[in-house]
Amino acid sequence: MRSERRWDVLVVGGGASGTLLAVQLLKSASGPLRVALLERSSRTGPGLAYSTRASSHLLNVPAGKMSAFAEDPEHFLRWMRRVAPDTAACDFVQRRRYGQYLEAVLRTARRHAAPGVSLELLKGEAVSLSRVEGGGFQVELAEGSRLEALRVVLAVGNAQPADLPVEDGGLFSSPRYIRSPWAPGALDGIQPHHPVLLVGTGLTMVDTVLSLAERHHEGRIHALSRHGLLPQVHRPGAVAGVPDFSAPRHVRSLLRTLRREVARAPEDWRGVVDGLRPVTASLWRDLSPEERRRFLRHLRAFWDVHRHRMAPAVNETLRQLQRTGVLRIHAARVRGFRPLDEHWVDARVRPRGAAHETSLRVQHVINCTGPDASLGRGHPLLRTMLGSGLARMDALGLGLATDGEGALLDARGRVSDGLFALGPLRRGELWESTAVPELRAQAASLSLRLAREFTPRPGLSAPAATLPLS
């Protein structure tokens with residue numbers, strides 16, 4: 001059955017990645033272009049990351065570096081000053097503000113689009129995709145309707161966390177287990193006096209602790225990971241400079257060069273790590289698949305905590321919870337779970353370096369380990385595309401295989417003529433593919449490619465002028 005609803009470009013996923021692409025398409029196109037932005041939740045723009053309502057959830061990057069437009073680095077800062085006039089470039093503002101900003105940018109882009117360039121916002125969950133005879137693709141939604149488009153861009157974001165591969169004794173199917181702390185109402189069943197285990201000690205754990213603290217949680221919060229590492233803290237005034245890398249081909253030489261540059265740094269290591277941002281993708285591409293696996297196996301945890309840092313105020317909240325004994329960090333592995341009754345769970349863990357297991361008795365277990373590495377299990381649309389051969393996983397299993405511009409590779413390695421990926425799905429190719437500076441660059445590049453295909457004109461080689469604030 002053919003659909004009567006057809007577009008030139010269909011963007012699947014209306015979070016930050018998809019919204020930034022839609023904005024860039026509206027800016028770049030000069031001739032007729034029909035775009036649809038499909039989002040399964042009720043809001044288009046914020047996505048999972050920026051839809052939080054918790055006032056303690058702050059951006060992990062200063063306001064002065066969060067513009068939606070690389071050519072106008074203070075765009076978000078100016079918008080924030082209309083909301084809070086005293087906002088400084090170095091401030092870590094509430095994350096929900098950035099979600100509101102993305103919504104505002106999208107509204108403005110729609111108003112200022114060229115004649116014939118339109119965007120329709122659609123609500124629904126894509127569950128399958130297939131080719132259409134004569135060109136283009138058909139996307140089926142969970143409720144049964146179908147959409148057609150000549151080009152489809154996957155901007156579905158991160159998958160839900162995967163259950164731990166341990167014996168759970170039925171825990172994973174019980175209300176004592178929370179697979180994702182981001183699910184609506186996920187923390188509502190936790191009483192302030194309940195002891196809790198958070199598996200994972202990264203930024204998801206940090207947000208979960210902050211959410212519990214806002215609810216005046218007094219019970220013990222155990223946070224556990226293999227290394228027991230917390231995200232490092234931003235330091236105001238750290239200046240980034242591009243490190244002197246000579247394209248290391250091995251993880252050992254990469255680490256050796258990084259240590260050398262840190263030793264040379266006049267302030268601290270943060271400037272060196274931040275200076276890597278413009279060259280991270282090229283350094284990643286220069287590593288062989290085996291060297292990339294070695295990095296993931298041995299250095300990923302250390303990279304993550306230094307690269308993805310938390311705001312100073314957030315760090316102080318966590319330290320205060322540690323000082324009062326509410327929060328306890330463990331370097332250990334989970335070996336299994338055993339529900340004791342309808343209220344209590346025994347978590348068997350092995351502390352790092354220890355020969356024997358110990359146990360933690362809690363009333364709730366929250367999975368804070370990050371996205372599921374199995375894309376097929378994490379999203380029905382991706383599962384059907386992988387099964388049909390329209391897409392394939394990258395060599396490391398981090399995302400989908402793409403070419404340098406984000407076009408999908410099919411099961412035979414052929415570059416798709418109309419399917420693209422954006423954001424976290426390109427992690428295997430680019431490694432850093434989740435933060436706003438990387439997302440906005442991908443969106444700008446892909447929008448120009450798509451705009452050329454539908455509205456070709458000489459000299460279209462740069463994004464249009466930045467948008468006003470309203």
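**Close-up views of a predicted model**

**View 1. Cysteine 90 lies in the loop that links helix H3 (75–83) to helix H4 (95–111).** Helices (H or I, at least four residues) and strands (E, at least two) are DSSP runs, numbered from the N terminus. The model is predicted: local features need pLDDT of at least 70, side-chain atom pairs count only at pLDDT 80 or more, and totals for chains, interfaces and linings use all residues. Residues are numbered from 1 along each chain as its sequence is written, and side-chain values use heavy atoms, with hydrogens and water left out. With a relative accessible area of 51%, cysteine 90 is exposed; exposed means over 50%, buried under 20% and partly exposed in between, for a 1.4 Å probe and protein chains only. From cysteine 90 to lysine 65 the C-alpha to C-alpha distance is 8.6 Å, at a sequence separation of 25 residues.

**View 2. Helix H1 (residues 16–28) packs with H15 at an angle of about 45°.** The two axes are 8 Å apart; axes are lines fitted to C-alpha atoms, for helices over the stretch in contact, and angles run from 0 to 180 degrees between N-to-C directions. H1 and H15 are therefore oblique to each other, since angles under 35 degrees count as roughly parallel, over 145 as roughly antiparallel, 65 to 115 as roughly perpendicular and the rest as oblique. Residues of H1 in contact (heavy atoms within 4.5 Å) with H15 include Leu20, Leu21 and Gln24, and among their counterparts in H15 are Arg440, Ala443 and Ser447. By class, the contact of H1 with H15 has 11 nonpolar, four polar and one charged residues; Ala, Val, Leu, Ile, Met, Phe, Trp, Tyr, Cys and Pro count as nonpolar, Asp, Glu, Lys and Arg as charged, and the others, Gly among them, as polar.

**View 3. H1 and H4 cross at roughly 25°, their axes coming within 9 Å.** The two helices are therefore roughly parallel to each other, and their crossing is left-handed. From H1, Ala16, Thr19, Leu20, Ala22, Val23 and Leu26 meet Leu102, Val105, Leu106, Ala109 and Arg110 of H4. This contact comprises nine nonpolar, one polar and one charged residues.

View 4. Tryptophan 431 is buried, at a relative accessible area of 6%, and its phi is near 65°, a positive value in a residue other than glycine. Most residues other than glycine have a negative phi. Glutamate 432 is also buried, at 8% relative accessibility. Its side chain forms a polar contact of 2.8 Å with the side chain of tryptophan 303. A polar contact is a pair of N or O atoms within 3.5 Å; within protein, one must be able to donate a hydrogen and the other to accept it, and residues adjacent in sequence count only if both atoms are side-chain atoms. Not counting residues up to four places away in sequence, glutamate 432 touches Thr280, Trp303, Arg307, His308 and Glu438.

**View 5. Histidine 364 is located in strand S13 (residues 364–367).** Histidine 364 is buried at 3% relative accessibility, and a polar contact of 3.3 Å joins its side chain to that of arginine 176.

Methods. Left-handed = near helix turned anticlockwise from the far one by under 90°.
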